[in-house]
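Have the sequence and the 3D view ready, and then we'll take the pairs one by one.

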Amino acid sequence: MTDMPGRNPRMAARIASAPVRYPYTFVVAGDSGAWPDPTADAIFSQLLRQIARLDPPPVFFANLGDFAGPGTPERHEHYLRLVDELPVPDVCIVGNHDLDDRGAAGAWARVHGPRNFRFAYGHTCFVALDAAPGDVGELDIDASAGVAGPDDEALAFLADSLETAAEPHRIVLMHAPPRFGDRYAPHPEWGFDLREEAFLELVRRHDVGLVCCAHALFFDHHVHDGTHFVISGGGGTGLCSHVRGICTPGEGRPEDRGAVFHAVAITVTEAGAVSGRVLQAFDRVDGHARIAFGDREA
């Protein structure tokens, strides 16, 4: 993998070669730049400043997609300027709006490298997966026959990565989440249903501890068959108009969720237990989190 062209393989090599410590933290956020928007840039830049102040510093930051829409070289260059001063490695996961331009696939390959890749840190294998719905060069997603997520090639890559990983713990990073029935109603298009069962079977069979996604424009967390699913789609572009503010347990759902601009700091222990906290944009208290989740062991 380190011999492949592109920025992601170089960043992955930095992560893999970093000194290993437990517990460790990494940060995710998505939907920071689905289209050119100075307001979104300002929100995302503020989140980056919050990430840079975390102590101890995270091992890496992962943008979960829709950060360089429509996917032109100029938009990728703009994004890289935004993250240039981030003091930790960062990797990029492809989103559907990063492929809106007809030349977006080539631009992605030249700047970032493969859309499916894997890397390791300590005892954890991270698999970055192309789960961008829609077609390259098309802005709108045709959901009449269902919403696509990982295609056959991506699922084959995921299966091989999980089967051959030497590390005992596994985490998947991707853009669109599984649909999970009506979980994202009234926005069913925010989750994929095509090949959903095949994806969830791979996750269950290989004991994946955590799947991080974006695409849905809010924060959401739940556990399915023992796997944490975190949705972080509040990086700056927009927010869900049907979920307002922070919804806490006891208000109709057993989990916290919220339509807030945010990133998520995720901590993994030496035993593989997962916990996380939501870093809300412009919060004046470093490390403060109104939403948190995690295994009891964490």
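Buried means a relative accessible area under 20%. Phe60, at 0%, therefore counts as buried. Keep in mind that this is a predicted model. A search through the whole structure turns up 17 aromatic pairs, and two of them get a closer look here.

**Phe26 and Phe60**
- These two rings make a stacked pair, with 5.1 Å from centre to centre and 15 degrees between the planes.
- Phe26 belongs to strand E1 (residues 24-29), while Phe60 sits in the loop between helix H2 (38-52) and strand E2 (61-63).
- That's why the pair ties together parts that are 34 residues apart in sequence.
- Phe26 is buried too, and its relative accessible area is 0%.

**Phe67 and Tyr79**
- Here the ring centres are 4.5 Å apart and the planes meet at 45 degrees, so this pair is tilted.
- To count as stacked, the planes would have to be under 30 degrees apart, and edge-to-face needs over 60.
- Phe67 is found in the loop between E2 and helix H3 (73-82), and Tyr79 is in helix H3 itself, so the pair links parts 12 residues apart in sequence.
- Both residues are buried: Phe67 has a relative accessible area of 3%, and Tyr79 comes in at 1%.

**A cluster of rings**
- Which residues form one aromatic cluster? They are Phe26, Phe60, Phe117, Phe119 and Phe126.
- So Phe26 and Phe60, the stacked pair from above, turn up again as members of that cluster.

Conventions: Residues are numbered from 1 along each chain as its sequence is written. This is a predicted model: local features need pLDDT of at least 70, side-chain atom pairs count only at pLDDT 80 or more; totals for chains, interfaces and linings use all residues. Side-chain values use heavy atoms; hydrogens and water are left out. Rings of Phe, Tyr and Trp (its six-membered ring) pair if their centres lie within 6.5 Å; planes under 30 degrees apart count as stacked, over 60 as edge-to-face and the rest as tilted. Helices (H or I, at least four residues) and strands (E, at least two) are DSSP runs, numbered from the N terminus. Buried means under 20% relative accessible area, exposed over 50%, partly exposed in between (1.4 Å probe, protein chains only).
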